[in-house]
Amino acid sequence: MSDIHEGGCACGAVRYRTSAEPQRVSLCSCTWCQRRTGSALGISVYFMAEDVEFLQGKMRAYRLQSDAGRWLESEFCETCGTTVTWTLEFLPGFRGIAGGTFDQPTFWYQPQRYVFARSKPEWLTIPEGVDVYQTMALPQKTCPVG
Ligand SMILES: [Zn+2]
Ligand SMILES: [Zn+2]
């Protein structure tokens, strides 16, 4: 399978290309992911920063301070508002891509962990074979997307 995948925002202005297998794929039901997606969970596909190339489009950034004082900076299309990517203070060198923004086949990657399962909806079933954490995967991590 090719390691090259492309994706973009809802209006098509922002486009990106990833050129490696993801380092980590997390499903997250923290309240930040729920708000930013308007959904029950966020899909975080992490790459090394150098494996993600932004091809076109303008994004705006919003820096969120977590309760523990670490920052998380999400970037979204300035036209349609789709959150496309983010960086995290606690994961230097990595870049998160919003899992639903890949072109078809959108869900080509395999989730490895489910974090913040404590705030997932009762009716949502966690996939088999995924490591489940009630909050963050590691205690020293202070940022919600893990
Ligand atoms: Zn857009
Ligand atoms: Zn989250």
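User: In this predicted model, a nonpolar core is a set of buried residues of types such as Leu, Trp and Cys, joined through side-chain atoms within 4.5 Å. Which residues of the largest nonpolar core touch the most other members?

Analyst: The largest nonpolar core holds 15 residues. Helix 1 (31-37) and strand 8 (83-88) each supply at least two residues of this core. The members that touch the most others are Cys28, Cys30, Trp32 and Leu88.

User: Which residues coordinate the zinc ion (ligand 2)?

Analyst: The donor atoms are SG atoms, at 2.2 to 2.3 Å from the zinc ion (ligand 2). Along the chain the donors follow the spacing C-x1-C-x2-C. The coordinating residues are Cys28, Cys30 and Cys33.

User: What geometry does the site of the zinc ion (ligand 1) have?

Analyst: Cys9, Cys11, Cys77 and Cys80 each coordinate the zinc ion (ligand 1) through SG, at 2.3 Å. The angles among the four donor atoms are 107 to 113 degrees. Four donors count as tetrahedral if all angles lie between 85 and 135 degrees. The site of the zinc ion (ligand 1) is therefore, by that range, tetrahedral.

User: How many residues apart in sequence are the parts tied together by Cys11 and Cys77?

Analyst: The donor residues of the zinc ion (ligand 1) are spaced C-x1-C-x65-C-x2-C in sequence. Cys11 lies in the loop between strand 1 (4-8) and strand 2 (15-19), whereas Cys77 lies in strand 7 (residues 71-77), so the pair ties together parts separated in sequence by 66 residues.

User: Which elements give two or more residues to the lining of the second largest pocket?

Analyst: About 200 Å³ of space lies in this pocket. Its lining includes Arg36, Thr37, Gly42 and Ile43. The elements that give two or more residues to the lining are helix 1 and strand 4 (42-48).

User: How many nonpolar, polar and charged residues are in the lining of the second largest pocket?

Analyst: Leu41, Ala98, Gly99, Gly100, Thr101 and Phe107 are among the lining residues. Gly counts as polar in this classification. By class, the lining has four nonpolar, seven polar and one charged residues.

User: What is phi of Phe116?

Analyst: Phe116 is in the loop between strand 10 and strand 11 (131-132). With a relative accessible area of 10%, Phe116 is buried. Its phi is positive, in a residue other than glycine, and is near 55 degrees.

User: How are the C-alpha atoms of Val84 and Gly8 placed in sequence and in space?

Analyst: Val84 lies in strand 8 and counts as buried, at 0% relative accessibility. Val84 and Gly8 are 76 residues apart in sequence. In space their C-alpha to C-alpha distance is 6.9 Å.

User: What separates the C-alpha atoms of Tyr46 and Pro22?

Analyst: Tyr46 is in strand 4 and, at 1% relative accessibility, counts as buried. Tyr46 and Pro22 are 24 residues apart along the chain. Their C-alpha atoms are separated by 5.5 Å.

How values were computed. Residues numbered from 1 in each chain as written. Chains lettered and ligands numbered in written order. Predicted model: local features only at pLDDT ≥ 70, side-chain atom pairs only at ≥ 80, totals over all residues. Heavy atoms only, no water. Buried < 20%, exposed > 50% of the residue type's maximum accessible area, 1.4 Å probe, protein only. Helix = DSSP H or I, 4+ residues; strand = E, 2+ residues; numbered from the N terminus. Donors = N, O, S within 2.8 Å, 3.2 Å for Na, K, Ca; no water. 1 Å grid on protein atoms, 1.4 Å probe; cavity = no way out; pocket = protein on both sides within 12 Å on 5 of 7 lines; lining within 4 Å. Points joined across faces, edges and corners; volume = space filled by probe spheres on them. Tetrahedral: all angles 85-135°; square planar, octahedral: opposite > 155°, others 65-115°.
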